[in-house]
Amino acid sequence: MDITNIKIIAEKEIAQAVTLEELETLRIKYLGKKSQLSKVLSGLGKLSQQERPLVGKAANECKIIIQSLLEEKVSAFKINSAESGVDITLPGIRKELGKEHIISTVLKDISDVFVKMGFCVVQGPEIETEFNNFTGLNIPLDHPSRESFDTFYIKTEKNRERLLLRSHTSPVQIRVMRENKPPLAVVVPGKVYRPDAVDASHSFMFHQVEGFLVDKNIKFSDLKGMLQKFAVEFFGSQIKMRFRPHFFPFTEPSAEADISCIICQGRGCSVCGRKGWLEILGAGMIHPNVFKHVGYKQGAYSGFAFGMGVERIAMLKYGINDIRLFFENDKRFLKQF
Ligand code: DAH
């Protein structure tokens with residue numbers, strides 16, 4: 001290789017070097033005892049008198065250029081790392097890529113099933129009025145859920161309506177119906193709060209998805225059909241659903257809905273307490289008093305509502321046995337989903 005070529009290639013390689021180690025390797029390659037330049041210089045004696053000064057000059061110039069390029073780059077590296085206090089020659093720290101929390105995913109997955117059926121998603125505030133959380137929903141003044149051991153109240157000025165951390169997502173029914181006339185088909189995903197002692201199945205904060213549909217001539221069979229469709233879409237085609245009579249102040253009639261146990265397919269196991277069924281939500285036809293509170297004319301509309309606990313559904317779907325795992329932020333747990 002001639003000397004000009006050596007220079008061109010050396011310049012290129014020095015420019016590409018990104019570590020001090022690489023620069024040292026290049027120094028040995030181009031200036032070391034076994035380098036081509038050293039060989040040229042030590043072989044000068046064998047050249048003719050005319051050639052000797054020309055080749056010698058070119059080789060020395062090349063050596064000086066490579067030497068100064070290397071020195072320049074080494075000192076630039078050192079200044080950089082001294083100024084910033086960062087050793088840029090150390091291998092980098094890889095940033096871990098985050099991912100969506102499993103509860104956010106399940107919230108979206110539940111809402112999406114209803115969105116496909118034509119529902120829209122509405123969110124409400126986590127700080128609510130006592131009216132929206134209780135009174136508007138036909139929950140009587142002496143109902144135990146209004147007690148301070150079942151609801152977090154917020155200190156409010158005297159003569160002002162009491163505020164609280166919403167204990168369910170149902171108050172968004174009141175907000176939406178007060179502002180809009182039917183037809184309405186809405187799902188409400190969000191956080192709710194209750195002063196429960198934390199254990200494997202309770203948390204002072206958890207998530208619910210509320211849903212409601214209001215129009216003319218809506219029947220209980222519409223509710224059953226839509227929830228059955230939801231269960232199949234969300235849990236799989238083999239899922240069965242049953243409704244049991246229940247009581248909620250804001251619906252009449254009311255029901256609780258169970259799905260066939262996803263662990264034992266209804267045969268009975270420890271997860272379903274040998275019953276073969278798992279309770280997943282509350283539902284019913286919206287109570288006339290709720291319509292009255294939002295200003296709808298009596299008998300003008302009918303509708304259904306339902307509400308489900310998201311952590312419970314996520315626990316059933318993914319076989320998780322402790323609600324606290326969702327909120328401890330242990331990456332080993334969160335990475336699995
Ligand atoms: N709000 C109820 C709760 O937190 C859940 C619920 C039950 C919502 C029945 C509804 C319903 O809309 O119809 O326990």
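**Figure 1. Pro183 sits in the loop between helix H7 (171-179) and strand S5 (184-193).** The peptide bond that joins Pro182 to Pro183 is cis, with omega near 5 degrees. Helices (H or I, at least four residues) and strands (E, at least two) are DSSP runs, numbered from the N terminus. The model is predicted: local features need pLDDT of at least 70, side-chain atom pairs count only at pLDDT 80 or more, and totals for chains, interfaces and linings use all residues. Residues are numbered from 1 along each chain as its sequence is written, and side-chain values use heavy atoms, with hydrogens and water left out.

**Figure 2. A cis peptide bond leads from Glu252 to Pro253.** Its omega is near -5 degrees. Pro253 belongs to strand S8 (residues 251-260).

**Figure 3. Asn138 and Arg274 have positive phi values.** For Asn138, a residue other than glycine, phi is near 65 degrees. Asn138 is part of the loop between helix H6 (130-133) and strand S3 (153-154). Arg274, also not a glycine, has a positive phi of about 65 degrees. The loop that holds Arg274 runs between S8 and strand S9 (277-286).

**Figure 4. Helix H1 (residues 3-16) and helix H2 (residues 20-31) cross at roughly 170 degrees, and their axes come within 10 Å.** Axes are lines fitted to C-alpha atoms, for helices over the stretch in contact, and angles run from 0 to 180 degrees between N-to-C directions. H1 and H2 are therefore roughly antiparallel to each other, a term for angles over 145 degrees. Their crossing is left-handed, that is, the near helix is turned anticlockwise from the far one by less than a right angle. H1 contributes Ile6, Ile9, Ala10, Glu13, Ile14 and Gln16 to the contact, and H2 contributes Glu22, Leu23, Leu26, Lys29 and Tyr30; contact means heavy atoms within 4.5 Å. By class, the residues of this contact are 7 nonpolar, 1 polar and 3 charged. Ala, Val, Leu, Ile, Met, Phe, Trp, Tyr, Cys and Pro count as nonpolar, Asp, Glu, Lys and Arg as charged, and the others, Gly among them, as polar.

**Figure 5. The ligand is surrounded by 15 residues.** The closest are His168, Ser170, Arg194, Gln208 and Glu210. In the side chain of Gln208, an N or O atom is 2.9 Å from an oxygen atom of the ligand. An oxygen atom of the ligand also lies 3.1 Å from a backbone N or O atom of Ala305. A polar backbone atom of Phe306 is 3.3 Å from a ligand oxygen atom.

Notes: Parallel < 35°, antiparallel > 145°, perpendicular 65-115°, else oblique. Near = heavy atom within 4 Å. Polar contact = N/O pair within 3.5 Å; in protein donor to acceptor, adjacent residues only side chain to side chain.
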